[in-house]
Amino acid sequence: MMPSLTNIVKCSFLAISENEAFARSVAVSFAARSSPTVTQLADIKCAVSEAVTNCIVHAYPPDRFDKPMVEMTLRHFDDNSVAITIKDHGVGIPDIKAAREPLFTTDTTGERSGMGFAIMESLMDNVKVSSRVNKGTTVTLKLRLGVPDC
Ligand SMILES: Nc1ncnc2c1ncn2[C@@H]1O[C@H](COP(=O)(O)OP(=O)(O)OP(=O)(O)O)[C@@H](O)[C@H]1O
Ligand SMILES: [Mg+2]
């Protein structure tokens, strides 16, 4: 049976680097109400940080977008899982499968290592990516919170 939605919070913010810390604080505050382990909170912080940083770094080339926004939606379900959706309206990803490969990056500055999606996948139970070129990208991070029954 599909878990039922028990809570939903939405926020949107300008795609600038100072808002990355804001986004991860919001996500951690949301998850903190649902008996997470310390490791789960740290994992959410890290995964949200990677997803939001991608919007800021890759989605909106500055010469093409004015006031680019990122939308974050946080959902909680009755199986104590959370789904965190991070959405931009930027350039999109032409080949999602390639983009998700560890070490794949389109960065040419040498500052990026191509590990963002691999990190998200290693920390979350499930990572869904959907994207359309010149429409934008949506990443959904799912994690069941709490200590599992033995
Ligand atoms: N929101 C997005 N919009 C457009 N392209 C994206 C977006 N997110 C990721 N990408 C593309 O997917 C590639 C892989 O992303 P990933 O986060 O794995 O690595 P990275 O951002 O290049 O490097 P790192 O995360 O290690 O700093 C990026 O180089 C970029 O081409
Ligand atoms: Mg990245």
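The model is a predicted one. It comprises four helices and five strands.

**Overall dimensions and surface**

- The radius of gyration of the protein is 15 Å, close to the 15 Å given by the globule rule for 150 residues, so the protein is as compact as a globular protein of that length.
- The C-alpha trace spans about 50 × 30 × 30 Å along its principal axes.
- Of the 150 residues, 41% count as buried.
- The protein exposes about 8,700 Å², and carbon and sulfur atoms supply 54% of that area.
- Among contacts with a separation of 6 or more, 67% are accounted for by residues 24 or more positions apart.

**The sheet**

- The five strands form an open sheet in the order S1-S2-S3-S5-S4, with antiparallel pairing.
- Strand S1 (5-14) and strand S4 (126-132) are the edge strands, and each of them pairs on one side only.
- From one strand to the next, the twist averages 15 degrees.
- S1 and S2 run antiparallel and are joined by nine bridges; within this pairing, Asn7 stands opposite His76 in S2.
- S2 and S3 also run antiparallel, joined by seven bridges, and Arg75 stands opposite Ala83 in S3.
- S2 and S3 form a hairpin with three residues between them. Asn80, in the turn of this hairpin, has a positive phi of about 60 degrees.
- S3 and strand S5 (residues 136-144) pair in the antiparallel sense over eight bridges, and Ile84 stands opposite Leu141 in S5.

**Helices against the sheet**

- Helix H2 (residues 38-59) packs on the sheet, where it touches S1, strand S2 (69-77), S3 and S5. The direction of H2 makes about 10 degrees with that of S3.
- Helix H4 (residues 116-123) likewise packs on the sheet, touching S4 and S5. The direction of H4 makes about 25 degrees with that of S5.
- Gly116, Phe117, Ala118 and Met120 are buried in H4.
- The buried residues of H4 pack against H2, H3, S4 and S5.
- An α-helix has 3.6 residues a turn, so residues three or four places apart point the same way.

**Aromatic pairs**

- A pair of aromatic rings is described by the distance of the centres and the angle of the planes.
- Rings count as paired if their centres lie within 6.5 Å, and planes over 60 degrees apart count as edge-to-face. By this rule the count comes to two aromatic pairs.
- The ring centres of Phe13 and Phe22 are 6.2 Å apart and the planes stand at 75 degrees, so this pair is edge-to-face.
- Phe13 is buried, with a relative accessible area of 5%, whereas Phe22 is partly exposed, with a relative accessible area of 40%.
- Tyr60 and Phe65 form an aromatic pair that is edge-to-face, with 5.0 Å from centre to centre and 75 degrees between the planes.
- Tyr60 counts as buried because its relative accessibility is 8%, under the cut-off of 20%.
- Phe65 is partly exposed, with a relative accessible area of 24%.

**A buried glycine in a loop**

- Gly92 is found in the loop between strand S3 (81-88) and helix H3 (96-100).
- Gly92 has 13% relative accessibility and therefore counts as buried.
- Gly92 and Gly136 are 44 residues apart in sequence, yet their C-alpha atoms are 4.4 Å apart in space.
- Not counting residues up to four places away in sequence, Gly92 touches Ser131, Arg132, Val133, Asn134, Gly136 and Thr137.

Technical notes:
Residues numbered from 1 in each chain as written. Chains lettered and ligands numbered in written order. Predicted model: local features only at pLDDT ≥ 70, side-chain atom pairs only at ≥ 80, totals over all residues. Heavy atoms only, no water. Helix = DSSP H or I, 4+ residues; strand = E, 2+ residues; numbered from the N terminus. Buried < 20%, exposed > 50% of the residue type's maximum accessible area, 1.4 Å probe, protein only. Contact = heavy atoms within 4.5 Å. Pairing = 2+ DSSP bridges. Axes fitted to C-alpha atoms, helices over the stretch in contact; angles between N-to-C directions. Rg over C-alpha atoms; globule rule 2.2 N^0.38 Å. Areas by Shrake-Rupley, 256 points an atom, 1.4 Å probe, with all protein chains shown as cover. Phe/Tyr/Trp six-rings, centres within 6.5 Å; stacked < 30°, edge-to-face > 60°.
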